[in-house]
Amino acid sequence: MIELHPSGALWLPEQGTALIADLHLGFAWAQRRRGELWPLTDAGARPRLEALCDQLRPKTLVLVGDIIHAPRPGPEEAQLIHETIESLRARTELICVAGNHDRGQHYLPEWRTSGIRAIHGDVLPPAPETGTLTVVGHFHPIMKLRDASSVKRRHRAFLKGNGLLVLPAFSPFASGCDMRDDMPEQLRNWFGKSDVDVTITSGTKLLELGRYKLRSDGFRTSRLATR
C-alpha cells in the first residue's frame with residue numbers, strides 16, 4: 001500500500017517509511033556564487049521537513065537523490081546542510097540515495113523494500129522490473145493549469161505509470177518541468193503507450209487529475225477527479 005502526501009512525499013504506512021526527492025539543500029548559496037542575486041535562505045525547507053516528520057512520524061525517511069545542490073558547499077551552506085541532515089537524523093532513520101548533484105557524497109545508489117525500488121532517476125533502467133514499483137525524483141514534474149479566472153498556475157505533480165512513480169521536487173526553489181508540453185524523452189520512452197496517473201499538490205491538498213495519455217500533440221486527459 002502506498003499513499004501520496006501533499007508535501008510531495010510518498011508514504012508507505014505499513015513500513016512507516018516516507019520518501020522525498022530533490023531537496024537541493026544550499027541552492028541559494030550555490031546560485032549566489034554563480035553571480036545570481038538569490039536571497040541566502042533555504043526558503044523554509046528545513047521546517048517543512050521537520051513538519052513532515054512530526055506529522056507522519058516515519059520510522060525511516062528516504063531522500064531520493066539531489067539532497068545537496070552543489071558538491072563543494074561554502075561554510076554557511078555546509079552548516080545549513082549539516083544542521084538539516086542532523087535534525088532529520090534526530091527524528092528518524094535517514095537513508096540517502098545518490099543523485100547527480102550529490103557528487104562526492106557517500107550515498108547509496110538505490111534503496112529497496114518489498115516491491116519498491118528507489119533510485120534518483122537521472123539514469124533510468126532500460127525497462128520496468130516485473131512486480132516492482134520504481135520510485136524516482138530528478139524530473140521535478142509540474143503541470144500548468146488555468147484557474148477559475150483563467151490564470152495559468154504551476155502545480156507540483158506526481159506521475160505514475162508503467163511501473164514508475166515520479167515524485168515532485170521537495171525543494172522550494174524547484175521551478176519544475178512542465179509535463180504537458182516538455183516531458184523529457186526518458187519519461188516519454190518509459191511511459192510509452194501506457195496511461196499515466198497524474199496528481200498535483202498545493203502543499204496542503206492533493207488533486208487527482210486522472211489518467212493522461214501521451215499523444216503526438218501533447219499530454220492530454222478526458223476526465224477530472226478531485227479529493
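The mean positions of the 30 positive and 26 negative charges of the protein lie 5 Å apart. Lys and Arg count as positive, Asp and Glu as negative, while His and the chain ends are not counted. Each charge is placed at NZ of Lys, CZ of Arg, CG of Asp or CD of Glu. This is a predicted model: local features need pLDDT of at least 70, side-chain atom pairs count only at pLDDT 80 or more, and totals for chains, interfaces and linings use all residues. Residues are numbered from 1 along each chain as its sequence is written, and side-chain values use heavy atoms, with hydrogens and water left out.

**Overall build**

- The protein has 4 helices and 15 strands; these are DSSP runs numbered from the N terminus, with helices being H or I of at least four residues and strands E of at least two.
- The radius of gyration is 17 Å, close to the 17 Å that the globule rule gives for 227 residues, so the protein is as compact as a globular protein of that length. The radius is taken over C-alpha atoms, and the rule is 2.2 Å times the number of residues to the power 0.38.
- Along the principal axes, the C-alpha atoms fill a box of roughly 50 × 40 × 35 Å.

**Burial, surface and contacts**

- Of the 227 residues, 49% count as buried. Buried means under 20% relative accessible area, exposed over 50%, and partly exposed in between (1.4 Å probe, protein chains only).
- The protein exposes about 11,300 Å², and carbon and sulfur atoms supply 49% of this area. Areas come from the Shrake-Rupley method with a 1.4 Å probe; for residues, only the protein chains shown count as cover.
- Among contacts with a separation of 6 or more, 63% are between residues 24 or more positions apart. A contact means heavy atoms within 4.5 Å.

**Strand pairing**

- Strands of a sheet pair through backbone hydrogen bonds, either parallel or antiparallel. Here two strands pair if DSSP finds at least two bridges between them.
- An open sheet of 5 strands runs in the order β1-β2-β3-β4-β5, with mixed pairing. Its edge strands are β1 (3-4) and β5 (93-97), each pairing on one side only.
- β1 pairs with β2 (residues 10-12) in the antiparallel sense over 2 bridges. Glu-3 stands opposite Trp-11 in β2.
- β9 (residues 141-146) runs parallel to β12 (residues 177-178), joined by 2 bridges. Pro-141 has Cys-177 in β12 as its bridge partner.
- β9 also runs antiparallel to β10 (residues 152-161), joined by 5 bridges. Met-143 has His-155 in β10 as its bridge partner.

**Positive phi in loops**

- Most residues other than glycine have a negative phi.
- Asp-66 has a positive phi, near 50°, and is not a glycine. Asp-66 is in the loop between β4 (60-64) and α3 (75-89). Asp-66 is buried, at 2% relative accessible area.
- His-138 is not a glycine either, yet its phi is positive at about 75°. His-138 is in the loop between β8 (133-136) and β9. His-138 is partly exposed, at 22% relative accessibility.

**Around Asp-122**

- Asp-122 lies in the loop between β7 (116-118) and β8. Asp-122 is partly exposed, with a relative accessible area of 29%.
- Leaving out residues up to four places away in sequence, Asp-122 touches Asn-100, His-138 and Gln-186.
- Asp-122 and Asn-100 are 22 residues apart along the chain, and their C-alpha atoms are separated by 6.6 Å.
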